[in-house]
Amino acid sequence: QRLWPAIHVTAAATDQALDAAVMDLGQVRGERVLVVDLHGAHDGPPRVLVEAAGTDETSGATAGPKARHLTTLAHLARVGLRGYAQRGPQRRYADFIEDLFGLPPGMLEGNQAQPRIGLSAAARARYPRLARALRLDRAAIQVVCCFQSVVIAKCYQRWDEVLLIVCEQLARRWPGQRMDFLIACGPDADLPAGVRQADLAADFASFTGVDGNARVLVAATAALRDLAVVLSRASLALANDTGPGHLAGALGIPTVTPYLPGNLYARQVWASTLCHRGVTLDPSPYRFEQLREAVLWDHTDIIDSIPPDWLAAEALGVLEGVALREGFEPPPTG
């Protein structure tokens, strides 16, 4: 819109919304519609589809009030994510859009061309009610944890060790501060055994941090929008390489994530925002065949080989910034 003011831009979150938007734009005779398909679930090589709708069947000439020329750039998610990841987090998305539309290099600013999710004022106003329903302590440091995934090989099994290290440092550096770890869960129907809500609740039932300075709350949110609202008020997110972790990063929340080493689920590709603090083993000590077998057979030994203190160090780096902003009291001296 900034570069070509005559263009009307419509965002469509679903196929149904896209169909409705195309029909609405097509009411103008001769309207030219370009659909840019960045849907992550539309996998495959990119394609160009051209449709001249509203044509006269005998002459092929456009006729009628619904005549339009529809061009679809389909299946761009894979090339946009994978093909430009080596450009680095600052330029990957900007370079992709510049190449796609033939813009001069450097026209788009890298920090601006990043995934972002905006919440309306009405959505943000829901936070107090959601916080009460989830039993959050508003005086505690809020950390949202996303420990589920349909790919078991990406589910780090040593999060309890990470949380304990963080709580030990919290007690030493900022005594008196408390922390709430909210483990946000999705529908159990899509998840394998071991990472369902009841499994996580059992795993963390006895966790109280150090001298009771932490709580772990395990709860499901009714919708992704509710999860986004809760994430937007968190100081930190701890997440496996899974959808809610990408949601946290796109909301601007520092997100610490363990990534499988190597190129199967590469950190370079899937640390999707500037807020992601990805941790992995680099260079990878594993062969591609070992990684593939871990994914196929639901093994977590590879992801679990990432030391918990590496993840805790990233989390504590975020909390040091929170302490400066919030004015946490330092430990007594003398």
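Strands β4 and β5 pair in the parallel sense over five bridges. Two strands count as paired if DSSP finds at least two bridges between them. Helices (H or I, at least four residues) and strands (E, at least two) are DSSP runs, numbered from the N terminus. Within this pairing, V144 stands opposite L182 in β5.

The model is predicted: local features need pLDDT of at least 70, side-chain atom pairs count only at pLDDT 80 or more, and totals for chains, interfaces and linings use all residues. Residues are numbered from 1 along each chain as its sequence is written, and side-chain values use heavy atoms, with hydrogens and water left out.

Now widen the view. The protein chain has 12 helices and nine strands. Buried residues make up 43% of its 334 residues. Buried means under 20% relative accessible area, exposed over 50%, and partly exposed in between (1.4 Å probe, protein chains only). Contact means heavy atoms within 4.5 Å. Among contacts in the protein chain with a separation of 6 or more, 67% join residues 24 or more positions apart.

Back to the sheet. Six strands form an open sheet with parallel pairing, in the order β6-β5-β4-β7-β8-β9. The edges are β6 (214–220) and β9 (276–279); each has a single partner strand, so one side of each is left without a neighbour in the sheet. Neighbouring strands are turned by 20° against each other on average, direction ignored. Axes here are lines fitted to C-alpha atoms, for helices over the stretch in contact, and angles run from 0 to 180 degrees between N-to-C directions.

How much of β5 is buried? Seven of the seven residues of this strand (residues 179–185) are buried, so β5 is largely enclosed by the rest of the structure. Both of its faces are covered. M179, F181, I183 and C185 are buried on one side. D180, L182 and A184 are buried on the other.

Elsewhere in the sheet, β7 (residues 236–239) pairs with β8 (residues 255–258). The sense is parallel, over two bridges. A237 has T255 in β8 as its bridge partner.

Helix α9 (residues 243–250) has its own buried set: G245, L247, A248, G249 and A250. Their cover includes β4, α8, β7, β8 and β9. After α9 comes G252, whose phi is positive, near 85°.

Helix α8 also meets α5. The axes of α5 (residues 127–134) and α8 (residues 224–232) come within 10 Å and cross at roughly 95°. That makes α5 roughly perpendicular to α8. Angles of 65 to 115 degrees count as roughly perpendicular, under 35 as roughly parallel, over 145 as roughly antiparallel and the rest as oblique. From α5, the residues Y127, L130 and L134 meet D226, V229 and V230 in α8. By class, this contact has five nonpolar, no polar and one charged residues. Ala, Val, Leu, Ile, Met, Phe, Trp, Tyr, Cys and Pro count as nonpolar, Asp, Glu, Lys and Arg as charged, and the others, Gly among them, as polar. An α-helix has 3.6 residues a turn, so residues three or four places apart point the same way.

Next, the loop between β4 (141–146) and α6 (159–173), where K154 is found. Is K154 buried or exposed? K154 is buried, with a relative accessible area of 11%. Leaving aside residues up to four places away in sequence, K154 touches S149, N240, D241, L260, Y265 and I303.

Aromatic rings come next. Rings of Phe, Tyr and Trp (its six-membered ring) pair if their centres lie within 6.5 Å; planes under 30 degrees apart count as stacked, over 60 as edge-to-face and the rest as tilted. By this rule the count comes to five aromatic pairs. In one of them, F147 and W159 have ring centres 4.7 Å apart and planes at 10°, so the pair is stacked. F147 lies in the loop between β4 and α6, and W159 in helix α6, 12 residues apart. F147 is buried at 4% relative accessible area, and W159 is buried at 1%. Y156 and W159 have ring centres 5.4 Å apart and planes at 80°, so that pair is edge-to-face. Both Y156 and W159 are buried. One aromatic cluster is formed by F147, Y156, W159 and F204.

Last, a contrasting loop position. A41 is found in the loop between β1 (31–36) and β2 (47–53). A41 is exposed, with a relative accessible area of 62%. A41 and A77 are 36 residues apart in sequence and 8.3 Å apart in space, C-alpha to C-alpha.
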